[in-house]
Every structure is written in structure tokens, then in C-alpha cells.
Amino acid sequence: MTTMESLIGLVNRIQRACTVLGDYGGAEGTLPTLWEALPSVAVVGGQSSGKSSVLESIVGRDFLPRGSGIVTRRPLVLQLHKTEEGQVEYAEFLHLPKRRFTDFSLVRKEIQDETDRLTGKTKQISPVPIHLSIYSPNVVNLTLIDLPGLTKVAVEGQPESIVQDIENMVRSYVEKPNSIILAISPANQDIATSDAIKLAREVDPTGERTFGVLTKLDLMDKGTNALDVLEGRAYRLQHPWVGIVNRSQADINKNVDMIVARRKEREYFATSPDYSHLASKMGSEYLAKLLSKHLESVIRARIPSITSLINKSVEELESELDHLGRPIAADAGAQLYTILELCRAFDKIFKEHLDGGRPGGDRIYGVFDNQLPAALKKLPFDRHLSIQNVKKVVSEADGYQPHLIAPEQGYRRLIESALSYFRGPGEASVDAVHYVLKELVRKSIGETQELKRFPTLQNELAAASYEALERFREDSRKTVLRLVDMEAAYLTVDFFRKLPQEVEKGGNPTGPTVDRYTDGHFRRIASNVSSYIGMVSETLKNSVPKAAVYCQVREAKRSLLNHFYTVVGKKEGKQLAQLLDEDPALMERRLQCAKRLELYKSARDEIEAVSWAR
Ligand code: GDP
Ligand code: MG
């Protein structure tokens with residue numbers, strides 16, 4: 001095999017792989033896929049002009065449905081792969097990847113059946129191509145596309161739009177600049193009426209990618225010939241016209257085989273009084289070689305742009321793969337390692353939220369700086385220390401014997417019951433911190449790029465973190481309530497020692513002679529209690545944040561996932577794999593990406609090898 005032959009074969013293989021990967025034709029406006037950047041040959045012509053027959057003689061095999069009326073109703077993408085001499089010929093459909101056809105009459109039947117599968121047994125058409133590969137030592141490397149024939153009127157059973165539909169479908173294949181047009185016209189019709197030439201001229205006005213093929217030379221009226229066309233006088237193309245004699249319907253009915261048909265075609269040209277001087281440039285074998293040679297030069301010219309397209313695609317695929325992450329290892333040890341790595345990645349982001357660098361941690365400070373002081377301020381001490389209530393509490397505490405000097409018990413009761421009000425804001429701060437932490441866990445999971453592909457692990461991590469936070473909250477709540485209870489357990493003696501002097505100093509001119517049981521007396525008690533409560537409030541304003549940070553924030557930073565690590569460490573291989581369950585769509589995407597990447601890379605290597613070997 002020459003290097004060029006192998007290059008066309010390579011292009012063929014790339015196209016085939018693209019097809020298998022569903023990478024066939026890019027949506028408009030997107031990067032052209034590799035397939036579209038590679039040349040292929042499309043067969044165009046009027047209905048029954050002999051398109052399918054030409055394809056068959058290029059392949060050298062009977063395998064296409066042929067005949068009068070609309071036979072080809074879906075595009076057939078036919079890839080010919082040249083194999084080593086002596087190998088068995090076989091065909092393979094993309095839609096039946098496991099089945100190798102060695103009996104080509106079954107290939108024909110499968111094309112018919114597969115056509116019917118989409119269009120029904122009607123005369124309808126479908127633009128969805130059938131992909132067929134033929135592996136044979138007797139073919140040249142080529143990709144050929146057989147298309148429905150162009151028609152002029154809708155026949156019985158066809159919608160009115162069919163004429164236009166077919167033309168649009170055919171045009172969509174041949175208008176791409178990489179498409180080589182095999183324009184088939186029957187010799188027994190005036191070339192001026194050729195549908196093939198009409199369309200080819202429209203999409204390829206300079207004729208640089210159009211190959212004119214004249215079929216049915218044997219069916220011309222006696223006494224006429226096609227020399228005007230074949231010698232380029234009737235309609236000029238950049239490439240020479242090729243005349244063909246396919247098998248007639250009678251030959252087909254008689255099962256004249258391809259070898260015989262090719263020999264007969266050769267004989268026809270060699271012995272024809274009109275065409276013998278052109279014999280070496282006529283016939284299907286010559287056409288196949290001509291096309292193959294043309295493809296070579298097209299591919300050769302396109303190598304730089306193909307290579308750059310491949311490089312670009314490789315880059316895109318690699319960055320997508322990076323984004324999707326590496327596939328997960330199968331053994332339990334590696335899986336455990338992966339899980340721990342993912343946990344650490346999450347933990348790192350979570351800590352960044354708390355320590356700064358990422359937003360959110362400041363909201364905890366907000367709890368201490370705004371929420372807690374505001375809540376403390378709102379406590380209903382005014383009502384609690386109203387004259388009536390003070391009087392009531394003090395009297396009740398004294399019992400039948402009113403206090404003589406200072407209402408010791410009254411003070412205690414007033415202070416103790418006031419202190420219990422602090423439980424509410426204390427607990428509220430703990431809860432507020434808890435919700436901030438919970439929100440930060442949620443956010444951090446969302447921001448851990450590496451976790452994106454593992455929804456199960458995400459859920460487990462969230463659940464474990466919430467559970468831990470719940471434990472921290474409970475501990476924090478107990479600690480804060482204990483702080484409040486501690487205030488009630490032992491009052492600050494100093495405060496009361498200072499009290500009498502301050503009160504006397506504090507503008508009480510009548511001195512100790514004043515009646516102990518007037519409103520003034522109780523007002524003074526209320527004011528004393530109030531300033532004691534104020535002092536405690538100041539203390540708690542400082543100590544509640546310390547407790548919450550100590551029990552919740554510090555613990556979250558230190559041991560949020562400790563429990564989870566223990567649980568994960570005890571898990572068996574299968575359970576670990578479950579934790580690393582990926583979104584199936586994502587797994588599929590990665591697989592596709594990896595396959596495509598492999599294809600593109602090997603294509604690049606091969607193209608490089610071939611183009612250097614010149
Ligand atoms: P398509 O509709 O363009 O694919 O045409 P087919 O390949 O199905 O051929 C239509 C009919 O024309 C078939 O019966 C063929 O046997 C016949 N036919 C095609 N080419 C030739 C030819 O060169 N000579 C003769 N005698 N018959 C031909
Ligand atoms: Mg056909």
C-alpha cells in the first residue's frame with residue numbers, strides 16, 4: 001500500500017469512527033466536525049439514471065437495491081475499506097454493529113428493510129442516512145454516498161412536496177465544499193436536460209469538484225454517440241467526463257455477475273467504433289481510480305487544515321475531560337483514597353468560607369454583632385422590673401415578716417427570674433450560627449468542582465456534615481444555657497457591696513430614715529436589679545459568642561467530617577463504589593469524550609506519520 005492509499009484509508013477510518021461516535025455533521029454555526037472536514041463523494045442524478053449501478057461497479061459487488069421507480073429512499077453512506085489481499089470480503093452496517101455480512105444479497109435486503117423501517121413500505125423518503133462499510137481487498141479506499149434520484153413530478157402515493165424534498169436533501173449533501181460530486185447523466189437523454197448537471201452547476205459553478213459520468217452509452221439510439229459530451233464539447237467540466245456501461249435490467253434479471261459485467265464493459269469500449277480511442281479513460285474501474293486519485297490530492301491539500309482542526313478538537317476534548325474528571329479506579333483502596341481526597345477538597349473550601357477568602361463567615365460575626373445585642377435589648381425587663389412586680393415579688397419573698405434591712409430574698413428572686421430571660425437570645429444565637437454553618441456546608445459542596453460528578457457522595461457528605469453540625473449545636477446550646485445558669489447560681493458579691501454607698505451618694509438626701517415601703521424604695525430596688533441585669537447582659541454579650549465559636553465554629557473547622565471518615569473507613573468495596581456512583585449521563589459523556597479523544601489523537605499521529613513519509 002502506498003502512503004497515500006493508507007492516508008485515504010485513514011480518513012475513511014476516521015470518518016467511520018466519527019460515525020460510530022455519532023459525530024456526524026456539526027450543527028450549523030458550530031465547529032465543523034472532523035467528518036465534515038474530510039472529503040467524501042456524493043452520487044447525484046435523476047431517478048433511474050444509473051447511480052446505484054455506478055456505485056456497485058465501483059465496489060465490484062452486487063449489493064444495492066436497483067430498478068425502476070424510486071428505489072433509493074434514504075441516503076446510503078458507503079465506506080470502502082481496502083483490506084489485505086486474500087482477506088474475506090464482508091459488509092457491516094452501523095445499525096447492526098455485531099453482524100458481518102458475507103452474502104451481499106443479504107446486504108441488499110437489509111438496506112431495503114432498514115429503509116422501510118423509517119419510511120414504511122411507501123414511496124416516501126427520509127434524510128436519515130444508512131451507514132454501510134465494505135471491507136475488501138478488491139476496493140479502493142473511498143467514501144461514497146448514494147442519494148435518492150432527483151425527480152420532476154410526485155407519483156401516486158407521494159406527497160406533492162417530494163420533488164422539492166429530494167432536491168433539498170441532495171443539495172444538503174453536495175453543497176458542502178468538501179463534497180466531491182459524482183454527477184450521473186444517462187447518455188440516452190439530452191445532456192441539456194440533466195438534473196445532475198443542473199444541480200452540480202448550482203453548487204459548484206467552477207466545476208472543480210464535479211465529476212461528470214455518462215451512463216447507458218449502450219442504450220443510445222443507433223447512429224448517435226456521446227462524443228460531444230465525453231470529449232467535453234457539450235458541457236465543459238474541469239475533470240474529464242467518464243462514460244460507463246452498467247448492466248441492463250435484463251442482465252440483472254439474468255444474474256450476470258460483476259466480473260462478467262466489468263469484462264463486458266471493457267470489451268464494449270475496446271471494440272466500439274465511436275469510443276475505442278478513449279477506451280483507457282472509460283469504464284467503472286477507471287472511474288474508481290480517477291476518484292481515488294482526486295481524493296488523494298484533495299486530502300493532501302487539506303492535511304494542514306485537518307491537522308489544525310484535530311488539534312483544536314483535541315484541546316477542547318482534553319479540557320472537557322479535565323472538567324469531567326478522571327475515571328474512577330476499580331479497587332477499594334483507590335476508591336477510598338478518592339473519597340478522602342474529595343472530602344478534603346470540600347473541607348478546604350468550607351474552611352475558606354469560615355476563615356475568609358470566600359464569603360459567608362462574616363455572617364457569623366453578624367450574629368454576634370447585631371442579632372445577639374438586639375435580642376438582648378428587646379428583653380422585657382421593663383415589665384419585669386415595674387414597681388408593681390417588684391413590690392409583688394419582694395413581698396412574696398418576705399412572707400409574713402417583711403424584711404428589716406435589705407430585701408435579700410426579694411433581690412435574689414427578681415434577679416434569678418430576670419436571668420432566665422437570657423436563655424432565649426442565647427439559644428437563638430446558637431441556632432443562628434448553626435444555620436449559617438449549614439448554609440456554608442451546602443454552598444461549599446456546590447463549589448467543590450471535583451464533587452460535581454458524584455451526586456451520591458454529595459448527599460452523604462451533606463448528611464454527615466449536617467449531623468455533625470447538629471451535635472455541635474446541641475453542645476453549644478448546653479454550654480450557653482450553662483453560662484446563663486452560672487450567672488444565676490452565684491451573684492457577683494462586689495456589685496452589692498458597693499451598692500449602699502452608691503445609693504446614698506446617688507442623691508438620697510433623706511438618708512436611712514426614709515420609709516422602707518414607699519414606691520421610692522421599690523424603685524430603688526428595681527434600679528439596682530436593672531443595673532445588675534445590665535451588667536450580666538454585657539457579660540453574656542461577650543461570653544455567648546465565645547461559647548458558640550468554641551463549640552460550633554471551631555469544632556466545624558476541626559472535626560466536621562471526623563465521624564464520616566470513621567464510617568467510610570469501615571465500608572467495603574461495594575459500598576465505596578456506591579458512594580462514587582456517578583451521574584450516568586456524565587459517565588456516558590466522559591466515555592464519549594475519551595473515545596473521541598483517542599480517535600483524534602491516533603488520527604493526528606497517523607496523519608503526521610503519513611505526511612512525513614512522503
Ligand atoms: P438509480 O435510480 O439512478 O440508482 O438507477 P439504477 O442504478 O437503479 O438503474 C436504473 C435502471 O437502469 C436499472 O434497471 C439498471 O439496470 C439500468 N441501467 C443503469 N445503467 C445502465 C447502463 O449503463 N446500461 C443499461 N443497459 N442499463 C442501465
Ligand atoms: Mg438508486
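User: How far is an oxygen atom of ligand 1 from an N or O atom in the side chain of Gln249?

Analyst: This is a predicted model, in which local features need pLDDT of at least 70, side-chain atom pairs count only at pLDDT 80 or more, and totals for chains, interfaces and linings use all residues; side-chain values use heavy atoms, with hydrogens and water left out. Residues are numbered from 1 along each chain as its sequence is written, while chains are lettered from A and ligands numbered from 1 in the order in which they are written. A polar contact here is a pair of N or O atoms within 3.5 Å. For the side chain of Gln249 and an oxygen atom of ligand 1, the distance is 2.3 Å.

User: What share of the area that ligand 1 exposes when taken alone does the protein bury?

Analyst: Accessible areas come from the Shrake-Rupley method with a 1.4 Å probe. Taken alone, ligand 1 exposes 570 Å². The part buried by the protein is 95%.

User: Which helix supplies the largest share of the shell around ligand 1?

Analyst: The shell residues have a heavy atom within 4 Å of the ligand, and helices are DSSP runs (H or I, at least four residues) numbered from the N terminus. Helix H3 (51–59) and helix H8 (249–253) each supply at least two shell residues. The largest share, three residues, comes from H3.

User: Is Ser53 buried or exposed?

Analyst: Ser53 lies in helix H3, and an oxygen atom of ligand 1 is 2.6 Å from an N or O atom of its side chain. Buried means under 20% relative accessible area and exposed over 50%, with partly exposed in between (1.4 Å probe, protein chains only). Because its relative accessibility is 15%, Ser53 counts as buried.

User: How many of the residues of H3 are buried?

Analyst: The buried residues of H3 include Lys51, Glu56 and Ile58. H3 is mostly covered, and the count of buried residues is nine of nine.

Note on methods
A polar contact is a pair of N or O atoms within 3.5 Å; within protein, one must be able to donate a hydrogen and the other to accept it, and residues adjacent in sequence count only if both atoms are side-chain atoms.
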